[in-house]
Amino acid sequence: MASSLSRYRRRITNLTSTLLRARLFSSLPFAKPNSSDDPFCDHAPLFRSPEVRVSALSNGIRVATQSSSSHMASVGVWIDSGSRFEAPGTNGTAHFLEHMIFKGTRRRTARSLEEEIENLGGRLNAYTSREQTTFFADVFRRDVPVAIDVLADILQNSKFPDHAIKRERGVILREMEEVHGQMEEVIFDYLHEAAFHGHPLGNTILGPEEIIQSISRSDLQNYIETHYTGPRMVVSAAGAVEHEEIVDMVESLFTRFARTPTTAAQLAQENPAVFTGSEVRVDNEDMPLAHLAIAFKGSAWTDPNSIPLMVIQSLWGSWNSSVGVGNCSGSQLARRVSTDNLAESMMAFNTNYLDTGLFGIYATGKPNCLHDLSCVIMQEITRLAYEVSEAELVRARNQLKSALLLHIDGSTAVAENNGRQVCCNAT
């Protein structure tokens, strides 16, 4: 399951494109046409269909479904329990638990877990982020009950055998080596550490080697008992699903989760992440390219300012020298970087958390271009305060809308969209 983590872990380039926020975005005045002559239509109706239905169970678990005419279905469990909520000295437990959850239950061996879903032509997977852990399955319509039963089993009956814990330590340490070789991953870990210094949000998701070496079965069980509670869980299903059937199955199978009322938002409120302006430089003369990230304090998931920041992110855009489009890009930043050959690549990022965020620009380039590149980036950032044309704004708005729609194409993306949004909009 860990092999697919890299494409989920940061999601730095995503436009925070989620369904409920898409609805908010499409309802704002600046997101709509300026007049009847405006060539760009209002996309709001596209974000409202099909309907998302949400039910709350007696144990606090919320069930969200979005049905569509399809032969396939995606169902998963989204839990407000990422690395941010780990106790001091246990950084890496949430990610370690994600690995161990597939290593056998009281009813199924590790092998039978994999084979049961694969024999149905389905897929079982998981990922961990700083604020959430997710377990999900993609299956045929007829196999949805099996998928829900498997998810309920691994979350309530996992055994965590000692031999599997020992083996997974090695797997995670090898994964850590792989991550350390990906500079885009490394620089955003540095960025979080600097921005949220001394706070768990600044920790890495994998954790340090010394803690990985010491995590025990009791650590995993304590984490589940503390954080895998009903009010912090959302079961989200999309595609060939019926809401009432999903609700009935979840109610009958997800029975052993505590009703502890504390939510992730309350935990974040008790220990808020404070953004700290700082600078981190790591010199490595053996690297052919320099990696640069300039970040500002961003917005929380439910902060209204997150919407303008999404538009700004779209306005800045992204560019890569290997693609070739630069001089003709609608992004003035991309055009300047391309024309003056200041970088190999650049992209705007916008990462949201429960109570804060990170917003800025990441670029790679030759070391002798860093000064000029930094100046251009800062000029383009400050330009937003006094000089943004209507044409730029229209382009950014419509690119953002298309990205939002493309992001929710397919049952897996829709289920993830809804699950994460219901989690993030909990109070």
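Biologist: Which residues is Ser-83 in contact with, leaving aside its neighbours within four places in sequence?

Modeller: Asn-91, Ala-94, Ser-129, Arg-130, Pro-200, Thr-204 and Ile-205. Contact means heavy atoms within 4.5 Å. A caution first: this is a predicted model, where local features need pLDDT of at least 70, side-chain atom pairs count only at pLDDT 80 or more, and totals for chains, interfaces and linings use all residues. Residues are numbered from 1 along each chain as its sequence is written, and side-chain values use heavy atoms, with hydrogens and water left out.

Biologist: Why is Ser-83 called buried?

Modeller: Its relative accessibility is 1%. Buried means under 20% relative accessible area, exposed over 50%, partly exposed in between (1.4 Å probe, protein chains only). So Ser-83 counts as buried. Ser-83 sits in the loop between β3 (72-79) and α3 (93-100).

Biologist: How do you know that the span of α7 is close to the expected one?

Modeller: Helix α7 (residues 183-195) has 13 residues and reaches 18 Å from first C-alpha to last. The expected span is 1.5 Å times one less than the number of residues. Helices (H or I, at least four residues) and strands (E, at least two) are DSSP runs, numbered from the N terminus.

Biologist: What does α7 give to the lining of the largest pocket?

Modeller: Seven residues, the largest share. A pocket is an open set of points on a 1 Å grid over the protein atoms alone, where a 1.4 Å probe fits, with protein on both sides within 12 Å along at least five of seven lines; lining residues have an atom within 4 Å of a point. This pocket has 30 lining residues, with Val-280, Arg-281, Val-282, His-291 and Leu-292 nearest its centre. In the second largest pocket, α7 again gives the most, with four residues. Asp-189 and Glu-193 are among the residues nearest that pocket's centre.

Biologist: What makes β9 mostly covered?

Modeller: Eight of the eight residues of β9 (residues 345-352) are buried. Ser-345, Met-347, Phe-349 and Thr-351 point one way, and Met-346, Ala-348, Asn-350 and Asn-352 the other. In a regular strand the side chains alternate between the two faces of the sheet.

Biologist: Why are β9 and β10 called paired?

Modeller: Two strands pair if DSSP finds at least two bridges between them. Eight bridges join β9 to β10 (residues 357-365), so the two strands pair, running antiparallel. Phe-349 has Gly-360 as its bridge partner in β10. A hairpin joins β9 to β10 through four residues.
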